[in-house]
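Please look over the sequence and the model below before reading on. The text then goes from the overall fold to particular side chains.

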Amino acid sequence: MVSTQGEIRIGPSHQARLPDYRSGGSGASGALGAGDPELSKEREELRWLPAMALDGDLLMYLRAARSMAAFAGMCDGGSADDGCVAASRDDTTINALDVLHDSGYDPGKALQALVKCPVPKGIDKKWCEEETKRFVKGLRQFGKNFFRIRKDLLPHKDTSELVEFYYLWKKTPGANNNRPHRRRRQGSLRRIRNTRQTRG
């Protein structure tokens with residue numbers, strides 16, 4: 001063992017043996033992916049291609065999208081603070097990036113689409129009050145084990161929806177009141193006994 005320590009073993013005898021490739025069409029029914037569980041899984045959709053937009057163009061687009069959201073927030077809420085809140089929300093940025101992706105990374109086309117809906121539905125409108133209460137209860141019981149929260153308390157939601165909701169919810173004022181407070185142990189004071197005998 002000492003003689004081979006730190007060596008990189010090269011050659012056919014040191015390679016992993018992979019099973020033969022099975023094509024998707026070799027299932028019993030002949031349909032693509034019928035016999036392969038990996039091919040039958042539901043896949044996530046790609047929502048961002050980084051090389052499609054230049055950094056400068058992307059920054060200008062996001063500034064314009066946030067300005068539109070701020071204006072819409074002021075019109076809906078009536079104050080400049082409401083506009084700033086609408087512009088600075090994470091889901092406003094996510095919505096703008098999704099619209100840009102759906103528009104084929106054409107900023108002009110994306111801004112035209114954003115005019116119709118610059119501010120996405122707020123977190124309070126995505127979930128009803130009962131669902132939010134269950135979610136908070138789950139956080140208190142299971143921490144950030146979103147799979148367990150979904151399984152026990154919110155089976156009609158996807159785990160990804162719970163994760164998204166958590167990261168939007170935790171920035172709301174109501175989240176500070178609902179977080180479990182950890183008790184800190186006070187350092188115990190120990191009395192040090194003087195065991196040394198005094199000579200007299």
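What follows treats the chain as a whole, then its aromatic rings, then one histidine.

This is a predicted model, in which local features need pLDDT of at least 70, side-chain atom pairs count only at pLDDT 80 or more, and totals for chains, interfaces and linings use all residues. Residues are numbered from 1 along each chain as its sequence is written, and side-chain values use heavy atoms, with hydrogens and water left out.

The protein chain has 10 helices and 0 strands (DSSP runs numbered from the N terminus: helices are H or I, at least four residues; strands are E, at least two). Of its 200 residues, 26% are buried (under 20% relative accessible area, with a 1.4 Å probe and protein chains only).

The structure contains 9 aromatic pairs (Phe, Tyr or Trp rings, the six-membered one for Trp, with centres within 6.5 Å; planes under 30 degrees apart are stacked, over 60 edge-to-face, the rest tilted). W127 and F165 are stacked, at 3.8 Å centre to centre and 10° between the planes. W127 lies in the loop between helix 6 and helix 7 and F165 in helix 9, so this pair ties together parts 38 residues apart in sequence. W127 is buried at 6% relative accessible area, and F165 at 4%. F135 and W169 are edge-to-face, because their centres are 5.9 Å apart and their planes at 80°. This pair links helix 7 to helix 9, and both residues are buried.

H101, in helix 4, is also buried, with a relative accessible area of 16%.

Note on methods: Buried means under 20% relative accessible area, exposed over 50%, partly exposed in between (1.4 Å probe, protein chains only).
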